[in-house]
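Here are a few notes to read alongside the structure. Have it open while you go through them.

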Amino acid sequence: MRRPLIAGNWKMNLNRADAVALSSDLVNADKSSEVDVLICPSHIYLDAVSSTLGDSGISLGAQDVYFEAGGAFTGEISTGMLSDVGCQFVILGHSERRHVMGETDSLINKKVKAVLEAGLTPVLCVGETLEDREAGNTEAVVKTQFEGSLADLSPEQVQKTVIAYEPVWAIGTGKTASPEQAQEVHADLRKLLNDRYNSETSEQVRILYGGSVKPDNASNLMSQPDIDGALVGGASLKADGFTAIINAANQNVA
Ligand code: PEP
């Protein structure tokens with residue numbers, strides 16, 4: 001049985017006071033203890049949010065990292081720096097990094113390896129654009145991203161990874177994939193995990209859905225057999241809404 005994970009991606013939002021207030025509200029919220037909760041603030045507020053989270057059980061994640069351990073890489077942040085401020089997870093290959101910053105599968109693969117080597121958990125995002133979907137290329141695009149981003153990893157390493165399926169056309173648009181559309185791609189990913197690695201890997205790896213998840217659609221999405229939680233953008237910026245999504249995931253815990 002995979003434990004649900006609800007992850008909040010705060011993107012480039014909130015100031016220091018708001019980030020601390022939101023994390024404090026989440027610590028104090030009446031929420032399920034059967035669901036893992038992760039929040040990913042902007043790098044600059046990780047330290048402040050880490051202090052607020054303390055030993056609350058809510059995990060802290062970053063939205064990106066560089067693959068080198070240190071040195072002359074102006075503006076970048078290393079896995080060691082993330083560990084130092086209490087991060088346990090790192091989102092990698094988010095569609096905004098792929099499509100706005102031009103990140104490739106090969107760069108994302110280097111980052112996945114660096115994150116695993118540092119003992120952190122990658123949350124690897126994959127997903128097709130609307131153009132890909134309309135051309136009937138969803139399965140092929142997701143497969144290419146999966147294989148490229150996870151290249152050269154052992155089954156044991158992949159077992160320590162979280163995957164997030166995020167159709168680009170559903171991110172921040174208010175358009176959600178239907179539970180059936182999402183389940184279809186999650187089942188493809190589960191099969192890829194089985195075929196490329198083994199059944200243990202396919203049974204263990206959590207596959208989150210992301211793309212306009214809100215309190216009112218979360219339960220239906222997470223009732224699908226291969227959807228193990230959600231990566232939430234906009235709706236993670238309000239404690240009430242994010243808590244409702246956490247508690248919706250709990251309804252589907254067997
Ligand atoms: C995201 O940031 O990964 C995301 C899915 O955003 P939203 O929930 O706002 O669509």
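**Notes on the ligand site and the cores**

1. Start with the ligand's neighbours. By type, the shell around the ligand splits into four nonpolar residues, eight polar ones and two charged ones. Keep in mind that you're looking at a predicted model.

2. Who's in that shell? There are 14 residues around the ligand, and Lys11, Glu166, Gly172, Ser212 and Gly233 are the closest.

3. Now zoom in on some oxygen atoms of the ligand. One sits 2.6 Å from a polar backbone atom of Gly172, and an oxygen is also 2.8 Å from a polar backbone atom of Gly233. With Glu166 it's the side chain that takes part: an N or O atom there is 2.7 Å from a ligand oxygen.

4. So how much of the ligand does the protein bury? On its own the ligand would expose 290 Å², and 97% of that is buried by the protein.

5. In soluble globular proteins, nonpolar side chains tend to be buried together. Here the largest nonpolar core counts 61 residues, and Ile6, Leu150, Ile163, Leu189 and Tyr209 have the most contacts inside it. Helix H12 (residues 239-251) supplies the largest share of this core, with six residues. Another core lies apart from it: that one has 12 residues, including Leu5, Leu38, Cys125 and Val162.

6. Finally, pick out Tyr209 and look around it. Leaving aside residues up to four places away in sequence, Tyr209 touches a list of residues that includes Tyr165, Pro167, His186, Leu221 and Ile227. Thr176, Gly229 and Leu231 are also among the residues that Tyr209 touches.

Conventions: Residues are numbered from 1 along each chain as its sequence is written. This is a predicted model: local features need pLDDT of at least 70, side-chain atom pairs count only at pLDDT 80 or more; totals for chains, interfaces and linings use all residues. Side-chain values use heavy atoms; hydrogens and water are left out. A residue is near a molecule or strand if one of its heavy atoms lies within 4 Å of it. A polar contact is a pair of N or O atoms within 3.5 Å; within protein, one must be able to donate a hydrogen and the other to accept it, and residues adjacent in sequence count only if both atoms are side-chain atoms. Accessible areas come from the Shrake-Rupley method with a 1.4 Å probe; for residues, only the protein chains shown count as cover. Ala, Val, Leu, Ile, Met, Phe, Trp, Tyr, Cys and Pro count as nonpolar, Asp, Glu, Lys and Arg as charged, and the others, Gly among them, as polar. A nonpolar core is a set of buried Ala, Val, Leu, Ile, Met, Phe, Trp, Tyr and Cys residues joined through side-chain atoms within 4.5 Å. Buried means under 20% relative accessible area, exposed over 50%, partly exposed in between (1.4 Å probe, protein chains only). Helices (H or I, at least four residues) and strands (E, at least two) are DSSP runs, numbered from the N terminus. Contact means heavy atoms within 4.5 Å.
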